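Welcome! Here is a short tour for anyone opening this structure for the first time. Take a look at the model, then follow the notes below.

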Amino acid sequence: MPIDFNAKKNRHAYLGREVQQEWYDLIQKLVEPRDKEVADIGCGGGIYSLAWVKMGAKKVTCVDFSQQMLADTAENTHGMPNIVIQKGDALCTGLPDSCQDIVFERALIHHIAQEKRITCFSEAHRLLRSGGIYILQDRTVQDIQFPGSPEHIRGYIFDVYPHLRNIENQRRPSNDVVINELKFTGFKQIKSISLLEKRTTYKDFSQLAIDLQLRKGRSILHELSNEEITYLINYIEKEIGAKSDIIEKDFWTVWMGIK
């Protein structure tokens, strides 16, 4: 069954990673975060909220519909006066009109039903000041087609369980669809960029196995039973062998639009 973001057992599912340099490099090519007000919608554990602060944002408002995720964010950003936590969702954040310079949504839109995606984009448009920038980061149907490898662990999941690829194909929009929906919503100067982002480094397979067992940061794994997870881990171990310093990367598409 899909991940339940409100379940207590899923606390810390989106903590424990550091934002990688290639993400910082791309964002700083797209926008100047210094002294800006940023809304991180669907903030999860607040990992990227902290990254915006690190880049000089004046204020970051962390929005999530899950009390468990917001508890993670509060834990992760404790003592930071320029972090604000707000319960709300991507369709109705509860924030006032024209209050943000940047709206950021990472790994969010694939959780939103296709027929509600325009509502999500319209909410971001409402929040932005004139000239404000909307940045989306998610996977397209093209981004999930790469085969499994020590770099692309996610590909092994779909190699072993093809039905999960079907689920992904249904919930992942194409690049052109997102661009057209952003245009329809009123965004201008829209561009999309491919990003190969380092996820983490595992010193050996046992660290990767623990990550998979806990379903850390991979909502698609919540579709599998414990027995299926065990089978997947054994399969990946045979494919990778005794390899050390496994550097996992993820394929993403990043869209930017201006209000």
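Predicted model: local features only at pLDDT ≥ 70, side-chain atom pairs only at ≥ 80, totals over all residues.

- β1 spans residues 37-41, and five of its five residues are buried.
- Glu37, Ala39 and Ile41 point one way from the strand, while Val38 and Asp40 point the other way.
- β1 and β4 run parallel and are joined by three bridges.
- With β2, β1 also pairs in the parallel sense, here over five bridges.
- In that pairing, Asp40 stands opposite Cys62 of β2.
- Together with α2, the strands β1 and β2 form a β-α-β unit that is right-handed.

*The largest nonpolar core*
- This core has 29 residues, and those touching the most other members are Val19, Trp23, Ile27, Val31, Trp52, Val60 and Ile135.
- Two or more residues come from each of α1 (21-30), α2 (47-54), β2 (59-64), β4 (100-106), β5 (128-138) and β7.
- Nonpolar side chains tend to be buried together in soluble globular proteins.
- Which residues does Ile135 touch, not counting residues up to four places away in sequence? Its contacts include Ile27, Val31 and Trp52, along with Val103, Phe104 and Glu105, and also Val254, Trp255 and Met256.

*Helix α8*
- Helix α8 covers residues 205-213, and its buried residues are Phe205, Leu208, Ala209, Asp211 and Leu212.
- These residues lie on the same side of α8, because they cover an arc of only 160 degrees around the axis.
- An α-helix has 3.6 residues a turn, so residues three or four places apart point the same way.
- The buried residues of α8 pack against α5 (153-160), β6 (188-202), α9 (226-240) and β7 (246-258).
- After α8 comes Arg215, which has a positive phi, near 60 degrees.

*Thr77, a loop residue*
- Where is Thr77 found? Thr77 is in the loop between α3 (67-76) and β3 (83-87).
- Is Thr77 buried or exposed? Thr77 counts as buried because its relative accessibility is 4%, with the cut-off for buried being under 20%.
- The side chain of Thr77 reaches the backbone oxygen of Thr73 at 2.7 Å.
- Leaving aside neighbours within four places in sequence, Thr77 is in contact with Gly46, Leu50, Ile83 and Ile85.

Definitions and conventions
Residues numbered from 1 in each chain as written. Heavy atoms only, no water. Helix = DSSP H or I, 4+ residues; strand = E, 2+ residues; numbered from the N terminus. Buried < 20%, exposed > 50% of the residue type's maximum accessible area, 1.4 Å probe, protein only. Polar contact = N/O pair within 3.5 Å; in protein donor to acceptor, adjacent residues only side chain to side chain. Contact = heavy atoms within 4.5 Å. Arc of directions from axis to C-beta. Core = buried A, V, L, I, M, F, W, Y, C linked by side-chain atoms within 4.5 Å. Pairing = 2+ DSSP bridges. Right-handed = clockwise from strand over helix to strand, strands pointing away.
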